[in-house]
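Please read the following account alongside the model. It goes from the domains to a helix pair and then to the pockets.

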Amino acid sequence: MMQKPFIRNHQFNVINNEAAYLGRTIRTSSDASVIEAVKYNVETKILAAFPELTDTQKELLLFIIKLRTEQEFQDYLDALAAYRISFPEVTEQLVRELFPKNKKVRQPDPSLQHDYSYTYFGWPDIGTSRMYLIYEHQGEMIGVEGKYSLNCRKDLCCICKGFGEVALVTAISRKKVSGSPEYYKAIGNYMCFKSHECNSRITDPSGLERFIRDVNAK
Ligand SMILES: [Zn+2]
């Protein structure tokens, strides 16, 4: 029976990275104990990327440790691609719902969207220097917006932990500055300016979740 999709974008990135690592080790090492140790690491990393798995899903993923040739790794990744979860379609309606206070919310370029290669969806409004992020957490769609300023040099992204072109995104939280009844705390983080590049690297959404939690904490 065909399984339902269960692999999110960042989880697929983990599998992809681990497949490359194991494939490289098999090609370059003749030491069986080294290969065994790497297999163990790969298995641990993949399982750690999934908070929950059925036995069938686990079996499907851990087939990786039986692979040897480049072709077998490729076939494995191709087969798993069928289990990737699509990111929900970002419609104009959804964008308006997620940013209700912003009457001038900028709609994303429809050509940017392509199904499953997103853990979160982000896009800038260059005219007003605002960044919009959409993330699905426990079945709920969440929108966060903030002012951005582009960094003039490459830096570390708080979401994907990659090194690249980042912007400082500052969102106004719901929490008031202590001792001031009128001012709300600003939360700033460096993150990739280009969401699709960030999404191609992200292996763990906890940095993004922390940012969203900080912004939404009262
Ligand atoms: Zn990033």
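Domain bounds here come from an automatic or database domain assignment. This is a predicted model, in which local features need pLDDT of at least 70 and side-chain atom pairs count only at pLDDT 80 or more, while totals for chains, interfaces and linings use all residues. Residues are numbered from 1 along each chain as its sequence is written, and side-chain values use heavy atoms, with hydrogens and water left out.

The assignment gives the protein chain domain 1 (9-81) and domain 2 (92-216). Their C-alpha centres are 31 Å apart. Contact (heavy atoms within 4.5 Å) links five residues of domain 1 with 11 residues of domain 2.

Helices (DSSP runs of H or I, at least four residues) and strands (E, at least two) are numbered from the N terminus. Helix α1 (residues 9-28) and helix α2 (residues 32-48) have axes that come within 10 Å and cross at roughly 180 degrees. Because of that angle, α1 is roughly antiparallel to α2, a label for angles over 145 degrees. The axes are lines fitted to C-alpha atoms over the stretch in contact, and angles run from 0 to 180 degrees between N-to-C directions. On the α1 side the contact includes Val 14, Ile 15 and Leu 22, and on the α2 side it includes Val 34, Lys 39 and Ile 46. By class, the residues of this contact are 10 nonpolar, two polar and three charged. Ala, Val, Leu, Ile, Met, Phe, Trp, Tyr, Cys and Pro count as nonpolar, Asp, Glu, Lys and Arg as charged, and the others, Gly among them, as polar.

Next come the pockets. A pocket is an open set of points on a 1 Å grid over the protein atoms alone, where a 1.4 Å probe fits, with protein on both sides within 12 Å along at least five of seven lines; lining residues have an atom within 4 Å of a point. The largest pocket has a volume of about 730 Å³, the volume being the space filled by probe spheres set on the points. Its lining has 28 residues, with Gly 143, Ile 172, Arg 174, Val 215 and Asn 216 nearest the centre. Strand β3 gives the most to this lining, eight residues.

The second largest pocket holds about 600 Å³ of space. Of its 26 lining residues, Arg 8, His 10, Gln 11, Pro 51 and Ile 85 are closest to the centre. Helix α1 provides the largest share of the lining, four residues. Domain 1 and domain 2 each supply at least three residues to the lining of the second largest pocket.

Technical notes
Angles under 35 degrees count as roughly parallel, over 145 as roughly antiparallel, 65 to 115 as roughly perpendicular and the rest as oblique.
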